[in-house]
Amino acid sequence: MSVRIPLDYQPVSPSLSNAKSAKRKVLKMGFTTGTALSAASKGCAHALKGEMKDAVVVSTPIGLRLEIPLNYVKVDGEWCESSVTKNGGDDPDDTNGMEIIVRMRLNNDIGFITLKAIRGLGLVINKGLPVKPGEPAINPVPRKQLIDNLKEVLGEKFGAEIEVIIPRGDSISRKTFNPKLGIEGGVSILGTSGIVKPMSLISWFASMVEQLDVARNYGLDYVVLVPGNIGETSARRKLRVDERSIVQMAIFTGGMLKAAAKRGFREILLYGHMGKLIKSAIGIWNTHYKYGDGRLEIITAYAAKHGVSHEDLKRILNAKTTDDALNILRHYKADVIFNDIANRIVENSTNLIEGKAKVHCILVDMEGEIVGKSEEAFKFLA
């Protein structure tokens, strides 16, 4: 599969919105797969012009210029092959240390480059992503970055064919959201800034939001937001919904609520383990531990409201986990207590998105069993 794109290509993608954020938070700790692809291709461009280089200077979408080392460059007839290893710095991304190999030749298709996924680079299958189905999973901004860098070497008028090989791409992609997004056979070439900062929350969040775009493209007017695998597995088992509506939101409860409302979903169901979702009952919208906790304090407060004994309140407050707290409450009407908490989560969430969508909530335990739900959430149950 391949795609032929003009040299005056201009990306039109929701991913571009992230570039503005990246500009404000740049930390030069690594470089993206998009920069790696540009570097390997630029190394070939120089070689095909007769200049063999050990490193190339690559321009990034935010204007920074990075010197990227090349693993090797070799020319065989009209073809050149070059390799770059992605360096994501301290970012925990799975593609850190991944090799990207480019084979490139110039041709007479002046004004265009043709990109081919040979091995390890994913192909887009689903609609709703910034790249059309059937094309290599190279996002719009990295495409533009690649063209800009080639023009620096080859000028404004040239034609080229570029083949991309990522030896470990297929195995690495299974650890990413690509299979869920509808990208098969390998990783994506990403990056709206060209650089990677430690703990790239922007890229992480952007990958979550893309799931919403895919679900919306299917024509769904509701979405089920789950924090992780417990919620997703349980949702598939317990709910009567289109499975394409089930979207993981990781730690970004507030951000995904806002993104879903902005995309026009009329109803949003928060579904997942109480240990994550319950934080929203007191307005903690990022569920990473460093942003705050209060889970047991919330359960203790609502248990007190519903008449739980003083002794058991102390046991709940000293419990190790929310499931431990739930076990203490099984001697009471635990469902009533957690229904009350779910309703508060709905109230806070609705206020957060200024009433732009109808919000529901269902809380589950570690086994994926439902322990509480908001007033109208029953309509989603199988």
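The domain assignment of this protein, whose bounds come from an automatic or database assignment, gives domain 1 (30-196) and domain 2 (201-380). This is a predicted model, in which local features need pLDDT of at least 70 and side-chain atom pairs count only at pLDDT 80 or more, while totals for chains, interfaces and linings use all residues. Residues are numbered from 1 along each chain as its sequence is written, and side-chain values use heavy atoms, with hydrogens and water left out.

**Overall form**

- The C-alpha trace of the protein spans about 80 × 40 × 35 Å along its principal axes, and its secondary structure comes to 13 helices and 16 strands, where helices (H or I, at least four residues) and strands (E, at least two) are DSSP runs numbered from the N terminus.
- Of the 382 residues, 55% count as buried, a term that stands for under 20% relative accessible area, with exposed meaning over 50% and partly exposed in between (1.4 Å probe, protein chains only).

**The two domains**

- The centres of domain 1 and domain 2, taken over C-alpha atoms, are separated by 39 Å, and the contact (heavy atoms within 4.5 Å) takes 9 residues from domain 1 and 13 residues from domain 2.
- Between them the two domains bury about 870 Å², 56% of it on carbon and sulfur atoms; this area is the accessible area (1.4 Å probe) that two parts lose on being put together, summed over both.

**An open sheet**

- In the order β13-β12-β14-β15-β16, 5 strands form an open sheet with mixed pairing, where two strands pair if DSSP finds at least two bridges between them.
- Because β13 (246-248) and β16 (370-373) stand at the edges with a single partner strand each, one side of each is left without a neighbour in the sheet.
- Strand β12 (residues 222-226) runs parallel to strand β14 (residues 267-273), and 4 bridges join them; Y222 has E267 in β14 as its bridge partner.
- Helix α7 (residues 229-238) packs on this sheet and touches β12, β13, β14, β15 (358-364) and β16.

**Nonpolar cores**

- A nonpolar core is a set of buried Ala, Val, Leu, Ile, Met, Phe, Trp, Tyr and Cys residues joined through side-chain atoms within 4.5 Å, and of the 64 residues in the largest one, L225, L239, F338, I341 and L363 touch the most other members.
- Helix α13 (residues 334-352) gives the largest share of this core, 7 residues.
- Apart from this core lies another, of 44 residues, among them L37, A39, M98 and L154.

Definitions and conventions
Axes fitted to C-alpha atoms, helices over the stretch in contact; angles between N-to-C directions.
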